[in-house]
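Here is a briefing on a complex of several chains. Please look over the sequence and the structure first.

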Amino acid sequence: MPTADRAGESGLLEVDGLSVDFATDHGWANVVADVSFHVGQGEIVGLVGESGSGKTVTGLSILGLVPSPPGRLAGGSVRFEGRNLTGMSERQLRDIRGNDIAMIFQEPMTSLNPAFTVGDQISETFRRHRGGSRRAATARAVEVLELVGIPNATKRVEAYPHEFSGGMRQRVMIAMALTCEPKILIADEPTTALDVTIQAQILELLSSMRDTIGMGVLLITHDLGVVAEVCDRVVVMYAGQVVERSPVGPLFDEPRMPYTEGLLLAMPQVGAASGRLASIPGRTPEPWNMPAGCRFHPRCPYTEQKCTERPIPLLAVGDDRHSRCVRTAELELRGVR
Amino acid sequence: MTARTLGSPGLRRFVRRFRGNRLSVVALVVLSVLVLSSALAPWLAPYAPEAIDVRNRLAGPSVDHWMGTDSLGRDTLSRLLFAGRVSLFAALTAVSIAAVLGVPLGLIAGYFGGAVDWALGRAADVLMTFPAIILAIAIIAATGPGLTNAMIALGIVYAPRLFRVVRSATLAVRAETYIEASVSIGTPSYDVILRRVLPNILSPLLVQISLMLAAALLAEAALSLLGLGVVPPTASWGNMLGRGFEDIRSTPALVWWPGLSIALATLSFNLIGDGLRDAMGREIRKGS
Amino acid sequence: MLGLFLRRVLVSIPLLGVVSFLVFSLIVLVPGDAAVALAGPDPDPAQIAAVRERLGLNDPYLVQYWNWLSGVLQGDLGDSLFTSQTVWSSISARLPATLSLAGLALLLAIVLGITVGSVAGLRPGTWIDRVATVTASVGVAVPYFWVGMILVLFLAIDNTLLPAVGYIPLTSDPVSWLQHLIIPATALALAPAAVIARQTRASVATVMSEDYVRTAKAKGLSPVRVVGKHALKNAALPVVTVFGIEANRLIGGTVVIEQLFALPGIGQLAYQAVFARDFPVVQGVVLVSAVMVLMINILVDVSYGYFNPRIRQS
């Protein structure tokens with residue numbers, strides 16, 4: 001069990017001070033600001049935030065997939081097994097993508113290529129990184145399809161994406177990602193586009209794959225319900241910054257950042273029961289128009305003078321916990337357990 | 001959506017957007033110059049287009065003949081101006097014939113649908129199976145060479161293209177609620193078509209007509225070049241080019257000038273068409 | 001795929017029937033008495049009667065058509081009114097030149113159009129893209145016959161790099177064949193290449209922002225594979241559509257180009273037949289060119305099935 005957020009000790013994947021800018025009509029806008037976290041072997045880490053919080057860009061920049069232009073890496077590093085990914089050439093990165101670190105995306109409908117069979121798309125990854133014959137690669141495709149629970153996999157490798165349901169397509173995506181038995185899987189909102197019962201199945205699949213393959217998972221989501229179900233630790237992002245970092249249990253019991261409290265209370269079952277804040281008022285600020293001081297202060301119910309004066313650092317607040325709130329010691333925030 | 005109808009606010013936005021497209025505005029200016037200089041040819045041209053000057057054959061540019069002369073000593077500039085009249089007018093005639101045939105049929109097919117639509121659609125399919133120039137040549141083979149016959153032939157060849165555009169635009173407009181409203185209060189069909197449908201398909205129609213004028217100009221030039229369209233001694237850009245090619249070794253200017261004129265005119269029509277499309281395109285705009 | 005092909009061929013048969021009827025009916029457009037008009041200058045009654053007999057103008061119209069069609073189905077397009085040859089032998093003797101010209105031009109248009117379009121579409125907004133876009137706008141508009149003339153001026157007259165006119169059969173001298181066809185084929189290919197480039201640019205630019213392209217990158221594939229395999233196959237559909245339209249236009253253009261460059265193709269045959277009012281030959285050429293267009297359309301439709309598996313299965 002990780003006991004401290006010290007990079008280099010337990011992190012298979014270490015993101016350190018990552019900053020990403022995007023070119024906009026208003027000039028360079030900073031969408032990911034000084035983000036740090038790590039993912040260890042066999043661990044599922046949730047990266048949580050509203051849309052626009054920078055969580056997807058963070059996920060993409062780990063593999064160097066942020067489109068450029070308009071994006072650019074403005075600072076920080078990503079280390080994988082001690083190697084610096086941000087310093088690597090594109091060619092070296094390609095050997096890592098899909099092989100050591102795989103990624104799956106939100107839309108299983110559009111993330112698979114409609115013009116090729118799923119078998120082709122899965123075996124392509126295998127042949128890219130492991131070589132070998134077409135036949136061996138197809139056999140591997142059947143194997144991973146079976147692994148993710150696609151019935152009749154020997155026949156289904158010949159099928160095209162449009163012949164699968166949404167949930168099945170996401171299974172195919174996962175199968176594709178698992179082909180080379182990656183050490184890290186980045187899953188960007190893997191269940192958002194699916195209906196609730198399918199969501200649960202996919203989450204269960206992810207966590208059982210973690211157990212079989214022993215990979216670390218970075219689960220990007222806006223849904224704390226998903227986090228509660230499968231994650232070991234949580235990184236909460238707001239307006240490009242990490243605002244709270246914590247093991248799952250304590251975060252749900254006792255959040256240390258008002259934004260996290262807002263997210264917890266916005267979870268459907270809880271919000272309804274408490275009768276309080278059903279959603280956080282206001283909107284995520286635009287990256288070219290960030291509030292001074294705490295970036296959350298315009299929406300925060302606990303704002304005081306000192307929240308607005310200067311940028312707030314990420315503070316250690318106990319056992320493996322960090323919060324970006326100056327009032328965190330004074331506040332008694334409500335958990336949900 | 002308020003921009004659905006081509007009412008005055010919509011029209012104003014349309015004009016504003018079109019004006020914002022610099023290339024299209026330049027094209028409009030270039031085209032206006034071509035049209036004006038052609039229209040005013042009798043007053044602008046220094047010589048009669050058929051005036052022969054045997055002592056000055058295949059001459060280079062000079063004070064007397066700014067663009068030189070052809071193999072009969074005719075003034076190239078004068079011929080170019082008069083040829084512009086013939087060529088531009090020919091293109092306009094061909095497209096008008098296509099419009100007279102294609103627009104009403106497209107409206108009918110799109111508005112009423114059913115068997116009429118099916119039959120007209122298949123007829124258009126058949127006509128579009130022939131390469132345009134070859135069909136035009138075949139029609140001219142039957143009717144004989146000449147500008148009028150060539151224009152009628154081109155009009156017939158282009159009609160199905162216009163028909164298709166009008167039909168699909170009508171189909172889209174037909175599905176709008178304000179059409180249904182008119183129909184439900186008992187407005188006669190022809191009234192709905194003329195007052196409600198036609199104004200709303202004008203913009204795609206204009207775009208198509210602009211592009212078609214370019215195509216017709218090219219086709220007319222090709223036919224005249226072959227001697228199937230405008231018959232000498234009347235000058236057109238196409239037959240000037242055909243005649244000029246014979247003297248290309250000694251006087252390449254005879255190929256340059258008419259060719260440039262055709263190219264400028266077709267380029268202008270195309271750019272104006274593109275500008276019109278961008279100016280009206282809600283859906284296109286949204287995508288970018 | 002084969003099923004799709006056969007289905008498409010079956011659908012074309014009634015279309016071809018109507019097309020043939022139309023081609024036959026062209027003679028209706030001849031003003032006055034067709035036999036008089038087609039018998040040449042100052043015909044005597046015997047000549048007129050002979051033409052009438054040869055064209056079968058004495059029979060009822062549908063019978064005339066039926067006789068003509070049953071001949072056509074057996075490969076008999078009738079006889080020329082002026083030469084002693086059958087129409088089919090005149091056409092088949094001239095098909096190689098036309099097919100050489102059209103084939104080479106189409107190949108050039110595809111290669112040029114897809115290359116330029118892809119390069120521009122992969123870098124939207126850059127100067128390469130802008131240069132390509134402007135070039136394409138101009139390329140669409142300039143008259144192909146004029147381009148041919150200017151190329152002759154530069155490449156055959158100012159510099160004698162290539163022959164100006166003429167044709168050498170592929171079988172007798174492939175190099176010379178190519179040398180004679182480069183200028184006419186380039187002239188003919190320019191506008192279709194520009195249209196294909198425009199469409200390819202738009203499709204590639206759209207496809208490159210699709211999620212599955214991101215997936216392909218995340219798999220560690222090289223840019224060549226991401227673009228060449230994943231993007232281009234999806235970008236191909238609209239490109240194939242404009243290719244079909246442009247192929248139709250290009251076949252029409254061969255008539256003019258063959259005449260300008262003295263290429264002995266079916267376009268030149270048609271041209272001569274128009275002036276000779278050799279109507280059976282005109283009909284034959286029109287029919288053959290319509291069949292060429294139909295075949296290209298079938299190929300285009302079948303290729304939809306290759307590029308989009310949904311079409312194949314429906």
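The points below cover confidence, the interfaces, and then some details within single chains.

This is a predicted model. The predictor gives the complex an ipTM of 0.86 and a pTM of 0.84. There are 2 pairs of chains in contact, and chains B and C share the most contacts. Chain C also contacts chain A. Chains A and B do not touch.

**Confidence and overall arrangement**

- Chain C has a mean pLDDT of 88. In that chain, 99% of the residues reach 70 or more.
- Where pLDDT is low, the predicted coordinates should not be read in detail.
- How far apart are the nearest C-alpha atoms of chain A and chain B? They are 15 Å apart, and the two chains do not touch.

**Interface of chain B and chain C**

- Here 40 residues of chain B are in contact with 44 residues of chain C.
- The buried area is about 3,700 Å². Carbon and sulfur atoms give 81% of that area.
- On the chain B side, B:Thr129, B:Leu226 and B:Phe245 lose the most area to chain C. Together they account for 16% of what that side buries.
- The salt-bridge count between these two chains is 1. The partners are C:Arg198 and B:Asp274, with their closest N and O atoms 3.2 Å apart.
- Which elements of chain B give two or more residues to the side that touches chain C? They are helix H5 (114-127), helix H6 (132-143), helix H9 (189-225), helix H10 (237-246) and helix H11 (253-280).
- H11(B) gives the most to this side, with 10 residues.
- By class, the chain B side has 30 nonpolar, 7 polar and 3 charged residues.

**Interface of chain C and chain A**

- In this interface, 21 residues of chain C are in contact with 26 residues of chain A.
- The buried area is about 2,200 Å². Carbon and sulfur atoms give 55% of that area.
- On the chain C side, C:Arg214, C:Ala218 and C:Lys219 lose the most area to chain A. Together they make up 27% of what that side buries.
- How many salt bridges are counted between chain C and chain A? The count is 4.
- C:Arg225 forms a salt bridge with A:Glu124. Their closest N and O atoms are 3.8 Å apart.
- Helix H9 (211-218), helix H10 (223-260) and helix H13 (309-313) of chain C each supply at least two residues of the side that touches chain A.
- By class, that side of chain C has 6 nonpolar, 6 polar and 9 charged residues.

**Chain C: domains**

- The domain assignment gives chain C domain 1 (2-73) and domain 2 (96-264).
- The C-alpha centres of domain 1 and domain 2 of chain C lie 37 Å apart.

- The C-alpha atoms of chain B fill a box of roughly 75 × 45 × 35 Å, taken along the principal axes.
- B:Pro232 and B:Pro233 are joined by a cis peptide bond. Its omega is about 10 degrees.
- B:Pro233 sits in the loop between H9 and H10 of chain B.

- A:Glu81 has a phi near 50 degrees, a positive value in a residue other than glycine.
- Where is A:Glu81 placed? It lies in the loop between strand S4 (71-80) and strand S5 (83-84) of chain A.
- Over all chains, the count comes to 32 salt bridges.
- Within chain A, A:Arg72 forms a salt bridge with A:Asp21, the closest N and O atoms being 3.2 Å apart.
- This pair links distant parts of the chain. A:Arg72 is in strand S4 of chain A, whereas A:Asp21 is in strand S1 (residues 13-24). The two residues are 51 residues apart.

Terms used:
Residues are numbered from 1 along each chain as its sequence is written. Chains are lettered from A and ligands numbered from 1 in the order in which they are written. This is a predicted model: local features need pLDDT of at least 70, side-chain atom pairs count only at pLDDT 80 or more; totals for chains, interfaces and linings use all residues. Side-chain values use heavy atoms; hydrogens and water are left out. Contact means heavy atoms within 4.5 Å. Buried area is the accessible area (1.4 Å probe) that two parts lose on being put together, summed over both. A salt bridge is a side-chain nitrogen of Lys or Arg within 4 Å of a carboxyl oxygen of Asp or Glu. Helices (H or I, at least four residues) and strands (E, at least two) are DSSP runs, numbered from the N terminus. Ala, Val, Leu, Ile, Met, Phe, Trp, Tyr, Cys and Pro count as nonpolar, Asp, Glu, Lys and Arg as charged, and the others, Gly among them, as polar. pLDDT is the predictor's confidence in each residue, from 0 to 100. Domain bounds come from an automatic or database domain assignment.
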